[in-house]
Amino acid sequence: MDSDSENDFLEDDYYSILNLRKSATQDEITNAYRRLSKIYHPDKHVDETKKKEAEILFNKTQKAYEVLKDPHQRAIYDCVGVKGLKTEGWEIVHRTKTPQEIREEYEALARDREERMLRLRTNARGVFTAKIDATDVFEPNQYVDYDYEEDSYIYIPNIEVSSMSMSMSTEAPITLRDTIVLSGNLSSRTGSVSSSYKRLLSSNGWIKYDLTAGNGLHVGAKVFKMITKTVFGTIEGSLNDLSSGSLKPMGRVLLGTSLGARTTGYISLGGRFSSLKQTSLSTEVEHNTERSYCMFKVEIGLAPAISMLYTWKFIEQDLMLRIYAKAGVLNSKLEYGVEKKVSKLNTFAATVQIDTINGVTLKIKFVRASQTYIFPILLSHEVITPPIFYATFVPIVSWFVAKNVLLDPLMKEYKNRKIVKQREINKKRMAELRQEALSAINLMMATMERIVRDETEKRGLIIVFAKYGCAELINQAGQSFNENDILQPNIIDVTVPLQCLVKDSQLILHTTTKCQLPGFYDPCIGEKKMLKIQYTYRDQNHEVTINDNEPLRIPRPHSLLVRTSTPPS
């Protein structure tokens, strides 16, 4: 089975099987196992058919219990899942090792396998850049001499590719500590070949050597070192333009420190060693969170400047908005743009650059896997309103048109193909899980009836009706909530399994997939799923809907009250 197939193959979720949170204690694990054993143990059933069904489910429950009750196996499972329990080499793991040592042992085994593959691995990257001069659109040539009579011709702007460049790099790991990078750059005007060697000195430092030939020679070295737990530094130096006959030593020293959990400060000094006038001092502070990134920088030297960058990250939409501003003595600029991850391998970005020296530029970038294509389009040499307006709104309109006409249909087709592939890979597995769920419900009936009687006597929690499956279909049903909904495809009735999970007038579900809870299965593999429950508590009806991996605790004070009439019998 190839790696893609392995990723699509469904593994058992031991926490979901026992309806446990991932931080469950040993007592909680044991209690959950005992509770299910009362339902699934073969000795609890007289009928031969039920006995056989119970034996299958009991063995599955027992397997989950055996893994989770053992700290060592649980550590392996938490780290890498079921496949970790089957990893070759685990016979060297001793029972005296702690869970943390187990994780380290697995990582060591993984490194051994990785080291055997290093010689077969390369990380090739490429960047293609085409600079386009479109200034004739907004700054037409006023001095063109036409042979035609006035108003007898249509002016066609001259748009041309002013320059092109291509660069390729290949990263070749030699050992776990040593890496070589070979790269080349070719443009319409010049070209160069580069190589670098990086060695990991320890977990706290590395050194890197660079050599570039073409349009002069460049030789450089860079050293990184963690000075303390919160302070680090880099020192780099280089010799440039040796072929021109003048030796130009350059260097830079940087110190960085952690100013907080997500804030880092830097101070650096760099420039030409031979002239203090050509050196610059800069200080920078950056704050990085899950949803935003902010940077503020002050430069002092020949060209003093202040700059700021802010990025908003919309994780759910795979979208980033970016704005950058720089105010300097010699030059000022403003940049704003958007970056959108279209698919797993494709990213699209558009940026408007407004520069007091270089004018207005629209920069289009497309990333496909490890290949990057950049198209800077120069719209005007000066900062004027029309190119700024068109550079801002034309990409937005073009994106929405392309998204609705081209990308959405393609992504929908891709998603459907992936779902079909997952279902085909798991066809036999899904049939087994469906049969296990039906068998579990059959075995749960007596327990469910007893719990309903107990809860009715104390006016407790009774699951009136519950459905689980395709989120789109459940949302379409809206407030209509009856047994006929189960006739829809990709939705299953989970009333009995949920009632059996009720304990002391409470139902608690954890942050795990619901499709492997006792009596559940996945009716729509690859699609987004939801769970919708109608229940009564204290003789009042309530309704709640949650996503597949969302936790739930009912009854809860903020439950939506949908009816207060006498509950159905």
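What share of the 569 residues of the chain count as buried? The share is 37%, where buried stands for under 20% relative accessible area, exposed for over 50%, and partly exposed for values in between (1.4 Å probe, protein chains only).

1. Basis of the note. This is a predicted model, in which local features need pLDDT of at least 70, side-chain atom pairs count only at pLDDT 80 or more, and totals for chains, interfaces and linings use all residues. Residues are numbered from 1 along each chain as its sequence is written, and side-chain values use heavy atoms, with hydrogens and water left out.

2. Overall build. The chain has 12 helices and 24 strands; helices (H or I, at least four residues) and strands (E, at least two) are DSSP runs, numbered from the N terminus. Taking contacts (heavy atoms within 4.5 Å) between residues at least 6 apart in sequence, 45% join residues at least 24 apart.

3. Nonpolar cores. A nonpolar core is a set of buried Ala, Val, Leu, Ile, Met, Phe, Trp, Tyr and Cys residues joined through side-chain atoms within 4.5 Å. The largest has 28 residues, and those with the most contacts inside it include Tyr-14, Leu-20 and Met-444. At least two residues each are supplied to this core by helices H2 (14-17), H3 (26-40), H4 (48-69), H10 (427-457) and H12 (495-500). H4 gives the largest share, 7 residues. A second, separate core has 27 residues, among them Ile-463, Ala-466, Val-494 and Leu-531.

4. Leu-18. This residue is also among those with the most contacts inside the largest core. Apart from its neighbours within four places in sequence, Leu-18 is in contact with Ala-32, Tyr-33, Leu-36, Thr-61, Ala-64, Tyr-65 and Leu-68.

5. Helix H4. The 22 residues of H4 reach 30 Å from the first C-alpha to the last, close to the 32 Å expected at 1.5 Å a residue; the expected span is 1.5 Å times one less than the number of residues. Buried residues of H4 include Glu-53, Phe-58, Lys-60, Thr-61 and Leu-68. At the start of H4, a side-chain oxygen of Asp-47 comes to within 3.0 Å of the backbone nitrogen of Thr-49.

6. Thr-347. Strand S15 (residues 346-355) holds Thr-347. Thr-347 has a relative accessible area of 18% and is therefore buried. Not counting residues up to four places away in sequence, Thr-347 touches Glu-339, Lys-340, Lys-341, Val-342, Lys-365, Phe-366 and Val-367.

7. Aromatic pairs. The structure holds 14 aromatic pairs; rings of Phe, Tyr and Trp (its six-membered ring) pair if their centres lie within 6.5 Å, and planes under 30 degrees apart count as stacked, over 60 as edge-to-face and the rest as tilted. Phe-138 and Tyr-390 form a tilted pair, 5.8 Å centre to centre with 45 degrees between the planes. This pair links helix H8 (residues 135-138), which holds Phe-138, to helix H9 (residues 385-425), which holds Tyr-390, across 252 residues. Phe-138 is partly exposed at 22% relative accessibility, and Tyr-390 is partly exposed at 44%. Phe-348 and Trp-399 form a stacked pair, at 6.0 Å and 10 degrees. Phe-348 lies in strand S15 and Trp-399 in helix H9, so this pair ties together parts 51 residues apart in sequence.

8. Aromatic cluster. Phe-138, Phe-389, Tyr-390 and Phe-393 form one aromatic cluster.

Conventions
Polar contact = N/O pair within 3.5 Å; in protein donor to acceptor, adjacent residues only side chain to side chain.
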